[in-house]
Amino acid sequence: MIDRVASGFHPFVLPFLFGMIFVLGYCLYGIVKILLQLSHEDRRRFLLSLINPVTAWKNIKDIFLNCLLHVKLWKRNPVLGYMHSSIAFGWFMLIVLGHIEVMLFVPHRMRQVWYPIFFNYFVAEGPGPATVQGALLFTLMDFFLLVVLSGIALAMIKRVRSRIFGMRRTTRPSFLDRVGLYSLWAIFPLRLLAEGFTAHISGGGFLITPLNWVFRQFLGDQLHMLPTWWAYSIALCIFMCVLPFTRYMHIPAEMMLIPMRNAGLKIKHARRGFTRAMVWSCPNCGVCIDACPMSVKKINLKDTTVYLNRNIRRGNEERIEQISDKCLLCGKCREVCQIGLDGPSIRIAQRAMRSYGLNQDYTSFRPAPAPAGHKLLYFAGCMTQLTPRISKAVGSVLDKAGLDWEIMDKDGGLCCGRPLMTAGRFVQAKQLIRQNSELIRASGCDTLLLSCPICYKIFKERYKLEGVRVVHTAEFFEELIQTGALHVEKGDIRYVFHDPCELGRGSGIYEQPRRILGRAGYLVESEPNRAESICCGGSLGSLTLGFAQREDMTRNALKHLTEGGPDAIATACPLCLATFSRYADRAVQDIAEILDRVSSKG
Amino acid sequence: MSKDNIVIIGGGIAGMTAASRLLRLGYTPIIVEESDHLGGHVAEWHKLFPDMAPAQDIVQRLAEEVSAANIFLSTRVLFINRLHDTYIVMLNNGVSIQAQAVLIATGFNLFDATKKEEYGYGIYDQVLTNRDLERWFTTGDDPRLNGHEVKRAGFVHCVGSRDVKAGNTQCSKVCCVTAIKQAIELKEKFPDAEIWCFYMDLRLFGKKYEDFYINAQKDYGIHFIRGRVSEVSEGLDGRVIVKAEDTLSGKPVKVTLDLLVLMSGMVCNATINPIATSLGIDLDSDGFLRSKDNISHIVSSGRKGLFLAGACTGTKTVPETIAEANSAALDIHLYLTEGK
Amino acid sequence: MEFGFKLSPSSAVNLDQVDLSLYERLAAIEPDLRICMACGSCSATCTAAPFTGMSVRKVILDLQRGKEKEAAKMLSGCMLCGKCTMVCPRGINTRHLILSLCRIYGTKAKEEGK
C-alpha cells in the first residue's frame, strides 16, 4: 500500500472537513451549554463522576452497549435492533478500521483527518505481493460496509412499511429530518460506488473488487471515480451539517446523556441541563407513541413524549404546556424508551414552572391526631373513601390476622401530597408531608399500611419516617400468608392482575399481588403486563383529560386484560378499581377484597 | 278471529295491556316473557302512587284479561328475521313464529346500585335499594330489616340517574315520587322514625305528585335536604354515616342512619338491543330504543309491522306505559286491517 | 331599596351589574364550568372542607354572582386530591378547574393595574 497522491489532499475532502468542523463545534457548544445550565452542585457531581473509575467504566460500557450495539433495542425488537446496530456499529468499525489502515500503511498521514475516510482514493496497491494484513483489512472493511448497507436497506423498507417491524405508528419526519435521512442513506451506497470505481488502483476486498470488475466491463474509463468521491464527501457534509437540527442529534447527545444519568442527575427543569441532554438524545423512533395509553384516540397521538421533545426543541411553548398537562404520568413511555427518556418527569417539571395567582397554604390546618397506642396504622387515603369495599376488606383481613391496628384517617384526614406533586406544586406537597409525618410520628406506630399505591409511592419516597415501616397491602398481606397468620382456602376463580402504574412501574411491586392471587385462585396473565401494563385511564396524573376522553383508554386496557378470559379482574389501587368498574363486563376486585373472601384465621 | 300473528316481546304491564286490547280486537297475540311470571317490575311493587293502589290489583286484572293469549314464560327471543311483510321470530324453546306484527315491550332494568360503590350497596347491610324496600313492604321479609327498629332512615335520589359517571345522563322521572311514597310507607310502619330525603332537584310533575310532597312534609314530617350524597361509611353500632352537602345552607352535613334506601334509576333493558338493531331500530342518546319520533310516534319504530311500547323507549310511569300500550294495540290493529 | 344612607353595603346581588369577567375567562378554559347543577357532591366529598369550608360548588356559584374574593378564599385549602372530580355526576374536571382558577386569579387585577 503506497501513497498515490503526493500532497495527500484533494479538494473533494473540503465538504467533509467543513461538515466535521461544524458538527464538532456544535457539539462542543451543546456540551458547554448543558454544563452551564446545570446547578453548581449537579455540575460538580457530574464532573467528579467522570473521573471516578467505577462510573467511568460504566459510562464506557453503557455507551458501547447502547449507542453502538443497541442492546436494549435488540431485546425489544431484534429486526430494529439489527438495523440500528448494523448502521451504528458498522459505521463505527469502518472509522476504526480506516484509522488502523492509515496507521499501518501510511503512518505519516495520521494528521490528515480525512485520510481514514477517503483512504482508498489516496492509496494504490504496492508493487510487492499482497500482505495478509492488507487482505484482512480489505475483507473487514468490505464486510462492515456490507453490514451498514444491509442496515440502510432495512431502514428504507421500514420507511415504507413500518408495520413489518412491529411498529404501528411512527413520527412524521420534519423537512430537515428528511434531508438528514436521505443524506444518511446516500453516504454508504456512494462510498460503495466510489470505492468500487477505485478498486483497480487501491485494491479491495470481496465486495468492491468484483464490483470494480463489473463497472469496468461497460464503463471503461476512470471518469466516474472523482464524481463519486465528491458525492460521497458532499453527502457526509450535508448529513453532518443538518445533524444538530434533526433527530440524528441523538447520536452525539446520548454519549452525554449516559454519563449524566450514571452520575445520578435528576430532572429539575423542563428545558435546561439534564433535560436538554435528554431531549437531544431522543431519536424520534416513536416507540412511545404505540406505548402511550392515550394513543387509542388519534387526537392524542401528538401528545406523546416524542412530540413533547420535538416541541421543546422547537420552543413551541403553547404545545409544551398542552402536552405536559394532558399526560397521565403512567410512566410507560419511560419504560419502553431505548434511551430511558423520562417524559413524565419533564412534564412535572414543566407544571412546576408555572406561577399561580393563588397559592395554597395548609399550615393553619389542624388535623385530628392519629390514634395512638397501636403498632399498625392503616392510612386509607382520599380515594379509598370512595371505594369502601377496600377499606372494609383490609380491616377484616387485619382482624383475622389478629393484629392490633387502627385506621388513621377514619373521619378524613390530610391528603398524602402525591396529587400535588404530580401537579408540580412541590411547596404545597411538602407542607402536607410535614403535617402527616408529625401525625404518624406522634402516634407511636411502627408500621404504616397503605392500600392506595398513589399514597404508597409518596410515603415511601418522600416521607422521612424513621422507625416506621411503610408497606402496601400487597406486600403486607403476602407476608401474612407466608408467615401463616392467615389461612387461605384456594378457590377456583381465574384472576387477571392489572398492575397499577404507581405500584408496578412506580414502586416496583409486581410479584406479591400475583402470589396472593395464586393462593386465592388461579392467575392468568394478560399482555402487556407488569412494567408494560396499560394505565386504566383514571390516573390523577393528567390535569386536562376530561371524563369522557378517558373512556376509550379504560376500554382498551380492559380489552387487553380480558383477552385470556379471566373470571375477574384484580387490582390493588382504588382509582383503578373505580375506573375499571365503570366499564368492565366482569367483576373488578381489589386484592384485599379477594383475600378477605378466601382467608380465615391462621 | 283474525289469523294474523302478533308477537309481543315482554310480559310486563305494557305487553299485557297491549295483549288485552288486541284480544278484544279479535286477535290472539303471543306474549314472550323472559321471567317465570307476568307483570314485570310492577309485580314486585307494593303500592303505586299517587293513590296508593296495590300493584297486585293491576297485575291480577291484566293477567285475567290476557289469559286467552298464547303465553310463553321463561322464554327468550333468539333472533327475528324479516321476510317481506312478515317477521320470523325464533324462540329459545325451538318454536318459530311467523308474525305479521311485533311489539317490543321489553321495559327497563333497575340500575345496578353496586356500581355506585361510594353508597355502599352490597357492602353495608343497612343500605337497600328501592326494589329491596318495596319487596320488604310486600313480603315483610328481608334479612337486613327483620327484627330491626328503624329510627333514622334516608333516601338517596338519583342513584344512577343524571349521572354521567354511571353512564346514564337521563332523569328516571319516577324516583322522586317513589322516594316520597316509600318514605311515607316507611313512616307508617315506624311512626317515630326520622326520615331524610337527599335530592338534587325534586321533579314532581305528575297528577297529584305535588300533593304527595306536601303530605310528606306536613303529615309525615319527612325532611328534605337539597344535596347529593357523596359517600357512605360505616359507623359504630351497626349504622351508616351519610355525607352530603346541604346546598341550601351551604354546609356539609353528616347523618347517622340505620337504613339508607337508594333510589336506583331506570336503564334500558339491553337484552333486546342486538335484536332491535338487527331490525333497524337504533339506540337514542339516552340508551333507550329510538322511536320514529318522540312526540307523535312514540309507539312507532318507523319500520313496517314493528311497534314499541312502554319503558323500552325511555323512562315511563305506569299510567304512561299503559296509555302507550293501548295506543300501540290500536296502531297494530290499524296496520293489519288497513293494508300494510 | 337604596335610601342614600346605610351602614353596610347592600348584600343583594344586582344581576344587572354583576361582573362576570373572571367567570367568563374561566369558562373559556373550562367550558364544563357551565354545566354545574350545584348538586353539592364535590363539597360533600372534599378532603379540605373540614379545614376550610372549601366548596367547588360555592366557588362556581360565587363566580356566577361576581363574588371573586369569596371564591378565592375558599380555594386556599384545596389539596388537589381529585375526589371532587371522581364524584361529579356531570363529569366536570373540577381539579383542573381549580388549578386554572388559581392560575388566572389575580391576573386581571395585575392587567388593570398596568
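## Sheet in chain B

In this predicted model, strand S7 (residues 86–91) of chain B pairs with S8(B) in the antiparallel sense, over 4 bridges.

S7(B) and S8(B) belong to an open sheet of 3 strands, ordered S6-S7-S8, with antiparallel pairing. Strand S6 (77–83) and strand S8 (96–99) of chain B are the edge strands; each has a single partner strand, so one side of each is left without a neighbour in the sheet. From one strand to the next, the twist averages 20°.

## Contact between chains B and C

Chain C places 16 residues in contact with 16 residues of chain B. On the side of chain C that touches chain B, helix H2 (41–45) and helix H4 (56–64) of chain C each supply at least two residues. The largest share, 4 residues, comes from H2(C). Sorted by class, this side of chain C has 7 nonpolar, 6 polar and 3 charged residues.

## Helix pair in chain A

Two packed helices are described by the angle between their axes and the distance between the axes. For helix H22 (residues 473–482) and helix H26 (residues 591–598) of chain A, the axes come within 10 Å and cross at roughly 20°. An angle under 35 degrees counts as roughly parallel, and therefore H22(A) is roughly parallel to H26(A). The crossing of H22(A) and H26(A) is left-handed.

H22(A) contributes A:Thr473, A:Ala474 and A:Phe477 to the contact, where they meet A:Ile591, A:Ala592 and A:Leu595 of H26(A). By class, the contact of H22(A) with H26(A) has 5 nonpolar residues, 1 polar residue and no charged residues.

Key
Residues are numbered from 1 along each chain as its sequence is written. Chains are lettered from A and ligands numbered from 1 in the order in which they are written. This is a predicted model: local features need pLDDT of at least 70, side-chain atom pairs count only at pLDDT 80 or more; totals for chains, interfaces and linings use all residues. Two strands pair if DSSP finds at least two bridges between them. Axes are lines fitted to C-alpha atoms, for helices over the stretch in contact, and angles run from 0 to 180 degrees between N-to-C directions. Two residues are in contact if their C-beta atoms, placed from the backbone, lie within 7 Å. Ala, Val, Leu, Ile, Met, Phe, Trp, Tyr, Cys and Pro count as nonpolar, Asp, Glu, Lys and Arg as charged, and the others, Gly among them, as polar. Angles under 35 degrees count as roughly parallel, over 145 as roughly antiparallel, 65 to 115 as roughly perpendicular and the rest as oblique. A crossing is left-handed if the near helix is turned anticlockwise from the far one by less than a right angle, and right-handed if clockwise.
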